[in-house]
Amino acid sequence: MRNALSKLSISILLIGCGSTKSSKDIATAIPIKTQVDLTQVVDDKVPLIIDPGRFTQDTVKYYLPKVVQGTYAVSDFGKFVDGFRALDYNGVQIAAEKKDANTWVIPNAKQLDKITYFVNDTYDIENKGEDTPFSPSGTNIESDNYVLNLHGFIGYFDVLKNNQYALEVKAPTDMKRTSALQNIGAEKSKDGLVTTDKYFAARYFDITDNPMMYGALDVEEFEVGGIKIVLSVYSPNKTYTAAGIKETVFKMMKAQKAYLGDINSTPRYDIYLYLAPQTSTAPTGFGALEHHTSTVVVLPEAIPEETLASAMIDVVSHEFFHIVTPLSVHSEDVHYFDYNAPTFSKHLWMYEGVTEYFASVFQVNQDLVSEDEFYTKIMGKIQSAARFDDAMSFTTMSENILNEPYAKNYANVYEKGALIGMCIDILLREESGGNRGILSLMKELSLKYGKNKPFEDDKIIEEITAMTYPAIGEFLKTHVIGDKPIDYGQFFDKVGLGIKDEKIETDYVRNNGVFIIGGDQENGTIFFTDLVSDNSFWTDNGVQPNDTIKEINGTKLTMLNANSVLQDTFQWKEGDDLIVLLDRAGKEVSIKTKVAQSYTKGKKLSIIENSTKEQIELRNAWLKG
């Protein structure tokens, strides 16, 4: 998972579900027939029919996921189910008890023919103050768009996790649809207006692992390094097209393939991009969630073109790099994931941190960004990581990620987690004379394990140490298992880099990547934080901490439209006229000015003068090796 605007994060690939009892002993070993009807939506709810076959035991349980792969947060998809009914073979309703948010118990399972229920979507209630799943893992039900993260619609029986699924999705014929789930045919109604698409899933994991999109989509298909890329874009106001985004994705994925080299990949990769409009029912959890062969991305439609391109590179590249870990390298907690009673691996530093590091370093390696741009990003991560508990064991945090105080530190897996990956990379280059790095280590681990063989959570650090050098083991024990903060200066010195205090160019909503604005949930307003005092443009114009921003150039600013309005600040040019209305403790303050470059105090990472030959060689091996 990757949260685009707040740098949160991306996701775990689950490779299978464990079961100790054969489904043949419990129900007929036939596919679970599942019907999703998009032509019969009632009150923004989609009807489903689930036919599991005949059970031979008295009681069964039906679940929707409490937690889905890669989100590291409770989603409780059962909360969005209404009208749950269990029916016998005469169509008569039989007993079914809802035990908790996600569980239904059916005591007379031998009589059960099928269950039916309605599913409400999650997007349109995100702004109503309710706890909802992270948008890229959520669901959308609109007349012109359906985001079908199937884990939000389809559940599983406790005794049939490994049964096959025969899925039918009924939708208007003229509606576009994309899915990487195996399509085994389609059937049109007599009048040709409705088409029923038929899909096959080998097990419940494949249901959760293959999202779909239906509706007014713009779709482009192209090939990158032997991979068929299917880019599906929903832009409600036609602001963007798949063709317009295609070149950015093509260039990015071509560079990723070149960087990864001989790591095995997938023959097809789907990118589902939902561009959220500026409405009260639009999703606001911007970012992405990866799956085995696809990713769902949610970004604001009002985002400027250049910012959209940058976000797609950062976010989608992160998701694609998950083919390395945890797809090919993962623990038993990942391999045998339990959607309703999950346990978590200790190694988020690897799954999310190393993946995020790959998403950054490949860009400088493949000349998508300059070395200075890469150094700026690294310094941004150091600054962002400083906002979290720097004396917290990463393995302890990972294992307890749903609980506090660890949950509130989760986003650090994308900041300090990536920096851990960087330090290991530099150490490996140093110890091997430039010949090995963290990518080669992950390749070695992929060969040793692979997608069908999990490692033991408590032994992987020892194995990595044995495969590499004592210095790697010492680093992991001290800074990943242990709680000692990392002195990044020591690592930068190895590659001839230094950190200096400098006046740094910044923008109008952040100081060197750290936001200087905050949101008042109770009043729905946006205000300047104490950090505005270090932003030269606003201080030169008299802005003070806690000033509420009422209007920018005549547009009222609220929490509802903050993303789109504040994104426009990235398009300001020096000399542009600017009028900002503030509320300062009940008094209106008007600022009429012209846009000027803003600066802040900060630290800059740059090449030190008179770097030694050894430092230069190690730096080149690190960035270009």
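User: Buried means under 20% relative accessible area, exposed means over 50%, and partly exposed is in between (1.4 Å probe, protein chains only). Into which of these classes does Lys603 fall?

Analyst: This is a predicted model, in which local features need pLDDT of at least 70, side-chain atom pairs count only at pLDDT 80 or more, and totals for chains, interfaces and linings use all residues. Residues are numbered from 1 along each chain as its sequence is written, and side-chain values use heavy atoms, with hydrogens and water left out. The relative accessibility of Lys603 is 43%, so the residue counts as partly exposed.

User: How many salt bridges does the rule give?

Analyst: The pair Lys603 and Asp501 meets the rule at 2.7 Å, and the pair Arg203 and Asp206 meets it at 4.0 Å. The count by this rule is 25.

User: What is the distance between the closest N and O atoms of Arg436 and Glu444?

Analyst: Arg436 has a relative accessible area of 18% and is therefore buried. Glu444, at 28%, is therefore partly exposed. Their salt bridge has its closest N and O atoms apart by 2.9 Å.

User: At what angle do helix α9 and α10 pack?

Analyst: Two packed helices are described by the angle between their axes and the distance between the axes. Axes are lines fitted to C-alpha atoms, for helices over the stretch in contact, and angles run from 0 to 180 degrees between N-to-C directions. Helix α9 (residues 438-448) and α10 have axes 11 Å apart, and the angle is about 115°.

User: How many charged residues does the contact of α9 with α10 have?

Analyst: Leu441, Glu444, Leu445 and Lys448 in α9 meet Ile460, Glu463, Ile464 and Met467 in α10, contact meaning heavy atoms within 4.5 Å. By class, the contact has five nonpolar and no polar residues; Ala, Val, Leu, Ile, Met, Phe, Trp, Tyr, Cys and Pro count as nonpolar, Asp, Glu, Lys and Arg as charged, and the others, Gly among them, as polar. The number of charged residues is three.

User: How are α10 and α11 oriented to each other?

Analyst: Helix α10 (residues 460-467) and helix α11 (residues 470-481) pack with their axes 7 Å apart, at an angle of about 150°. Angles under 35 degrees count as roughly parallel, over 145 as roughly antiparallel, 65 to 115 as roughly perpendicular and the rest as oblique. The two helices are therefore roughly antiparallel.

User: How many nonpolar residues does the contact of α10 with α11 have?

Analyst: From α10, Ile461, Ile464 and Thr465 meet Pro470, Ile472, Gly473, Leu476 and Ile481 of α11. By class, two residues of this contact are polar and none is charged, and the number of nonpolar residues is six.

User: Which residue is joined to Thr325 by a cis peptide bond?

Analyst: Omega of this bond is about 15°. The residue in question is found in the loop between α3 (305-320) and α4 (332-335). It is Pro326.

User: Near what value is phi of Asp367?

Analyst: Asp367 is found in the loop between α5 (348-365) and α6 (371-385). At 61% relative accessibility, Asp367 counts as exposed. Its phi is positive in a residue other than glycine, near 60°.

Note on methods:
Helix = DSSP H or I, 4+ residues; strand = E, 2+ residues; numbered from the N terminus. Salt bridge = Lys/Arg side-chain N within 4 Å of Asp/Glu carboxyl O.
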